[in-house]
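Visitor: Please walk me through the side-chain contacts of this model. Keep it brisk.

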Amino acid sequence: MFHCTAGKDRTGFSSAFILRALGVDKQTVLDEYALSNFYRYEYNEETIEKAAKFYGLDQRILRPMMSVRPEWLEKGFDEIDKQYGNFDNYLLELGVDSTAKSKLRMKFLQ
């Protein structure tokens, strides 16, 4: 288990990287990431309203901070591709070779 305060940045990126290591295609990962906006909508709105009411913070500034944008995640993937050629090469750099990927897939996809 892993988490972060809002459950979208560190957790979102970590989840996306794990899904990619498991062989999930990039577009599916981006689509799943975007669902955070749907599933967190009510919580985010409550938080934004409380912050505006109690701390006088501008909701127009808070709203983007509480949401996710798939293009942010995609930029991260693009940078990996730019520096390492592709995601698999990046995983190799991290020490995740084909044997490690197979073990991950057996553990989590069976």
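The questions below cover rings, charges over rings and salt bridges.

Guide: This is a predicted model, where local features need pLDDT of at least 70, side-chain atom pairs count only at pLDDT 80 or more, and totals for chains, interfaces and linings use all residues. Residues are numbered from 1 along each chain as its sequence is written, and side-chain values use heavy atoms, with hydrogens and water left out.

Visitor: How many aromatic pairs does a search of the whole structure find?
Guide: Rings of Phe, Tyr and Trp (its six-membered ring) pair if their centres lie within 6.5 Å. Searched as a whole, the structure gives a count of eight.

Visitor: Are the planes of Phe77 and Phe87 stacked or edge-to-face?
Guide: Planes under 30 degrees apart count as stacked, over 60 as edge-to-face and the rest as tilted. The ring centres of Phe77 and Phe87 are 5.8 Å apart. Their planes stand at 85°, so the pair is edge-to-face.

Visitor: Which helices hold Phe77 and Phe87?
Guide: Helices here are DSSP runs (H or I, at least four residues), numbered from the N terminus. The pair ties together parts that are 10 residues apart in sequence, because Phe77 and Phe87 lie in two helices. These are helix 5 (residues 70-84) for Phe77 and helix 6 (residues 87-93) for Phe87.

Visitor: Which charged residue sits over the ring of Phe77?
Guide: A charge sits over a ring if NZ of Lys or CZ of Arg is within 6 Å of the ring centre and within 35 degrees of the ring normal. Over Phe77, the charged end is 4.6 Å from the ring centre.

Visitor: Is Glu45 buried or exposed?
Guide: Buried means under 20% relative accessible area, exposed over 50%, partly exposed in between (1.4 Å probe, protein chains only). Glu45 has 15% relative accessibility, so Glu45 counts as buried.

Visitor: How far apart are the closest N and O atoms of Glu45 and Arg63?
Guide: A salt bridge is a side-chain nitrogen of Lys or Arg within 4 Å of a carboxyl oxygen of Asp or Glu. Glu45 and Arg63 form one, with the closest N and O atoms at 2.9 Å.

Visitor: Which residue meets Lys101 in a salt bridge?
Guide: Lys101 is buried, at 11% relative accessible area. The N to O distance is 2.8 Å, and the partner is Asp88.
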